[in-house]
Amino acid sequence: MTLRRLTPEELSARSKRNLAIAGALVGFIVLVFAVTVLNLKRNIDARKDAIAAGAPVEYAR
Amino acid sequence: MTESASQSALSTAQPEDFFQLLKPRVMSVVIFTAVVGLVVAGGDLDWLSAAIAILCIAVGAGAAGALNMALEGETDALMRRTRGRPVAAGRVNKNDAMTFGVILSVFSVMLLGMATNWLAGGLLLMTILYYAVFYTLLLKRRTPQNIVIGGAAGAFPPVIGWAAATGEAPWPAWLLFAIIFLWTPPHSWALALYSAGDYARAGIPMMPVARGAKSTRLQILIYSLVFVPVAVAPGLLGLGGVLYLAVSILGGLGFLFLAFRLWRSRAGDQPDKAEAVGREAALYDVRAEAKPARNLFAFSILYLMALFAALLVESITALPGLS
């Protein structure tokens with residue numbers, strides 16, 4: 001197995017790609033969190049409405 | 001760590017190269033038509049979910065583009081219009097592009113399903129598979145009808161937007177689908193008429209290559225005669241209003257005029273002389289005999305955008321507080 005030193009271009013490109021991946025992952029986590037909160041809110045609202053109307057409690061769609 | 005355990009070069013691909021894999025110009029059209037589908041549908045989707053839905057549809061369409069470029073790298077390298085693409089130019093490894101496309105596909109479909117509903121998520125998945133597998137792998141090289149059947153992939157975004165907003169895909173959503181579906185052949189064949197040499201070199205049986213320019217010009221006219229009434233239909237069926245009706249009729253007459261003029265022309269008869277020269281930006285820079293094809297190609301984009309913009313304007317101005 002031969003080791004070789006990476007060129008400055010390769011290192012720079014890798015750093016930029018790593019930053020882009022990190023940014024995309026953080027963005028994705030934020031989106032999943034937001035979607036989860038929204039779905040929770042929808043279900044809580046649907047539950048309240050169902051209870052108030054005396055209807056069976058179901059998941060919001 | 002600054003050393004690699006391999007002799008092979010580490011990729012020097014930049015994040016911008018990966019962004020180019022998403023076909024940003026196609027993505028902008030997808031975003032626009034999906035927004036129109038979502039807004040016209042109505043429904044009670046909150047703004048955050050709607051924004052996430054549009055983002056997912058855009059990323060899903062981009063993922064399909066990345067998969068297409070990964071699968072078509074060698075073919076793209078043979079065509080002047082596409083040889084600058086990241087995989088074709090060797091800036092991004094084929095496997096990296098494939099992985100990128102698969103990951104974005106999975107995440108966009110899952111997130112769209114979670115944020116809105118699984119009808120929308122399922123339609124997005126179907127669109128990605130339709131474009132990347134059915135069109136790119138199976139259709140494109142086998143039949144001159146490739147763009148006719150494959151055009152359905154580009155027609156799905158307003159239906160997905162509609163489904164995201166309401167959880168349903170009723171007939172008006174499919175009317176928007178039909179508009180884009182029938183618009184695609186005259187639009188794509190007009191471009192193919194003045195870049196037929198590229199397609200021939202790449203071995204892709206686009207209509208001008210497989211059936212000749214004369215047959216292509218006739219088929220463009222026939223498709224235009226079918227497309228324009230369908231484009232006007234939303235105005236007559238209550239989906240669009242007076243603005244839409246005016247835009248669709250006036251633009252439709254322009255479309256038919258240009259299609260008729262193209263049919264009468266000799267565009268594409270001498271493909272090597274007629275095609276664009278070199279740069280992708282030269283799509284609008286063609287020789288005199290191919291100008292009717294170039295004009296229809298350019299006008300078709302304007303017409304489609306105008307149709308959807310009219311629907312969007314009418315829907316927004318009908319919202320409470322704005323009318």
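What volume does the second largest pocket have? About 950 Å³. This is a predicted model, where local features need pLDDT of at least 70, side-chain atom pairs count only at pLDDT 80 or more, and totals for chains, interfaces and linings use all residues. Residues are numbered from 1 along each chain as its sequence is written, chains are lettered from A and ligands numbered from 1 in the order in which they are written, and side-chain values use heavy atoms, with hydrogens and water left out.

**View 1. The second largest pocket and its lining.** A pocket here is an open set of points on a 1 Å grid where a 1.4 Å probe fits, with protein on both sides within 12 Å along at least five of seven lines; lining residues have an atom within 4 Å of a point. There are 27 lining residues, and Ala20(A), Ile21(A), Ala24(A), Phe100(B) and Leu104(B) lie nearest the centre. By class, you'll find 20 nonpolar, five polar and two charged residues in this lining.

**View 2. Helices around the second largest pocket.** Helices are DSSP runs (H or I, at least four residues) numbered from the N terminus. Helix H1 (8-53) of chain A gives at least two lining residues, and so do H1 (15-21), H3 (47-76) and H4 (94-115) of chain B. H1(A) gives the most, with nine residues.

**View 3. Where chain A meets chain B.** With contact meaning heavy atoms within 4.5 Å, chain A brings 22 residues and chain B brings 26. Together they bury about 2,200 Å², 63% of it on carbon and sulfur atoms. Look for Arg4(A), Arg17(A) and Val35(A): they supply 24% of the area that chain A buries against chain B, more than any other three residues. Buried area is the accessible area (1.4 Å probe) that two parts lose on being put together, summed over both.

**View 4. A salt bridge across the interface.** The rule (a side-chain nitrogen of Lys or Arg within 4 Å of a carboxyl oxygen of Asp or Glu) finds one salt bridge between chain A and chain B. Here Arg42(A) pairs with Asp46(B), 3.4 Å from N to O.

**View 5. A salt bridge inside one helix.** Lys41(A) and Asp45(A) also meet in a salt bridge, at 3.1 Å from N to O. Both sit in helix H1 of chain A, four residues apart, about one turn of the helix. Over all chains, the count comes to 10 salt bridges.

Note on methods. Grid points are joined across faces, edges and corners, and a volume is the space filled by probe spheres set on the points. Ala, Val, Leu, Ile, Met, Phe, Trp, Tyr, Cys and Pro count as nonpolar, Asp, Glu, Lys and Arg as charged, and the others, Gly among them, as polar.
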